[in-house]
Amino acid sequence: MPSISKGLVILEKEFFIIDKAGFEQIYLQHWEGMFAFCLSSIKDEEHSKEIVQDVFKSLWERREELRLIEVERYLIRSVKLKTFEYIRNKVSRQQHLDNISNTREEHYVDNSLIADELAKKISNLIDSLPKQCKNVFRMSREQGLTNKEIAHKLYISERAVEYHISRALKTLKTELTEYIS
């Protein structure tokens with residue numbers, strides 16, 4: 001017949017099953033030390049509490065299948081493993097976030113360099129256009145004037161304005177094929 005000792009039911013000479021009173025006793029005796037170990041390792045109070053609670057939750061859920069000789073050794077080993085797992089996952093998450101951040105920065109820098117290069121090339125191409133064509137194109141694209149307004153300011157027909165804009169766009173399209181997808 002099993003003997004009862006401080007809430008622990010001794011099954012044989014070596015093993016015991018934890019009942020409710022025994023669990024409460026174990027919890028009260030070991031929670032603080034487990035929390036202190038965990039906190040000293042990860043320096044995060046909330047996560048330390050969660051880790052210790054997870055260990056005790058696991059102990060309670062597995063109480064009937066566990067055959068423990070030394071509960072304290074089991075708890076210390078469990079909290080160490082959970083703490084190291086948390087640290088490993090935290091490092092892994094941080095490395096992943098760093099990789100994503102670096103990739104975004106590289107992508108941003110690459111896009112920024114391409115945009116700068118493209119802007120310079122467009123500016124040079126516009127500057128290389130014939131004078132009237134360049135003036136019409138800039139008035140249209142940079143100043144936002146309508147064809148009618150450009151024609152009125154430059155004393156040319158609207159048809160001539162359309163011709164100069166078309167010519168400028170054709171030149172840009174031809175010279176910027178590598179940027180056009």
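Tutor: Start with lysine 49 and glutamate 45, which are four residues apart in helix H2 and therefore separated by about one helical turn. Keep in mind that the model is predicted.

Student: What makes the contact of lysine 49 and glutamate 45 a salt bridge?

Tutor: Their side chains meet at 3.5 Å, N to O. The cut-off is 4 Å between a side-chain nitrogen of Lys or Arg and a carboxyl oxygen of Asp or Glu, so the pair qualifies.

Student: Why is lysine 49 called partly exposed?

Tutor: Lysine 49 has 30% relative accessibility. Buried means under 20% and exposed means over 50%, so a value in between is partly exposed. Glutamate 45, with a relative accessible area of 45%, is also partly exposed.

Student: What caps the N-terminal end of H2?

Tutor: Aspartate 44 does. A side-chain oxygen of aspartate 44 lies 3.2 Å from the backbone nitrogen of glutamate 46. The limit for a polar contact is 3.5 Å, so this pair counts.

Student: How do you know that the span of H2 is close to the expected one?

Tutor: H2 covers residues 45-61, which makes 17 residues. From first C-alpha to last, the helix reaches 24 Å, and 24 Å is expected at 1.5 Å a residue.

Student: Which residues of H2 are buried?

Tutor: They are Ser48, Ile51, Val52, Val55, Phe56 and Leu59.

Student: Why do you place them on the same side of H2?

Tutor: Because they cover an arc of only 130° around the axis.

Student: How many salt bridges does the structure hold?

Tutor: Seven. One of them joins the side chains of glutamate 70 and arginine 73 at 3.9 Å, N to O. The cut-off is 4 Å, so that distance still passes.

Student: What exposure class does each of these two partners get?

Tutor: Glutamate 70 is partly exposed, at 46% relative accessibility. Arginine 73 has a relative accessible area of 57% and is exposed.

Student: What makes arginine 138 and glutamate 142 a salt bridge?

Tutor: Their side chains meet at 3.3 Å, N to O. That is within 4 Å, so the label holds. Salt bridges that share partners also join Asp127, Arg138 and Glu142 into one network. Arginine 138 is partly exposed at 25%, whereas glutamate 142 is exposed at 55%.

Student: Why is threonine 83 called buried?

Tutor: Threonine 83 has 0% relative accessibility. A polar atom of the threonine 83 side chain lies 2.7 Å from the backbone oxygen of valine 79. The polar-contact limit is 3.5 Å, so this is such a contact.

Student: Which residues make the nonpolar surface patch?

Tutor: Phe84, Ile87 and Val91 make it, and its area is about 250 Å². Isoleucine 87 is found in helix H3, residues 71-127.

Student: How many helices and strands are in the chain?

Tutor: Six helices and three strands. Along the sequence the pattern reads β-β-β-α-α-α-α-α-α. Of the 181 residues, 24% count as buried.

Key: Residues are numbered from 1 along each chain as its sequence is written. This is a predicted model: local features need pLDDT of at least 70, side-chain atom pairs count only at pLDDT 80 or more; totals for chains, interfaces and linings use all residues. Side-chain values use heavy atoms; hydrogens and water are left out. Helices (H or I, at least four residues) and strands (E, at least two) are DSSP runs, numbered from the N terminus. The expected span of a helix is 1.5 Å times one less than its number of residues. Buried means under 20% relative accessible area, exposed over 50%, partly exposed in between (1.4 Å probe, protein chains only). The arc is that of the directions from the helix axis to the C-beta atoms. A polar contact is a pair of N or O atoms within 3.5 Å; within protein, one must be able to donate a hydrogen and the other to accept it, and residues adjacent in sequence count only if both atoms are side-chain atoms. Patches are made of residues with over 30% relative accessible area and no salt bridge: like charges are joined within 9 Å, nonpolar side chains (Val, Leu, Ile, Met, Phe, Trp, Tyr) within 5 Å. Accessible areas come from the Shrake-Rupley method with a 1.4 Å probe; for residues, only the protein chains shown count as cover.
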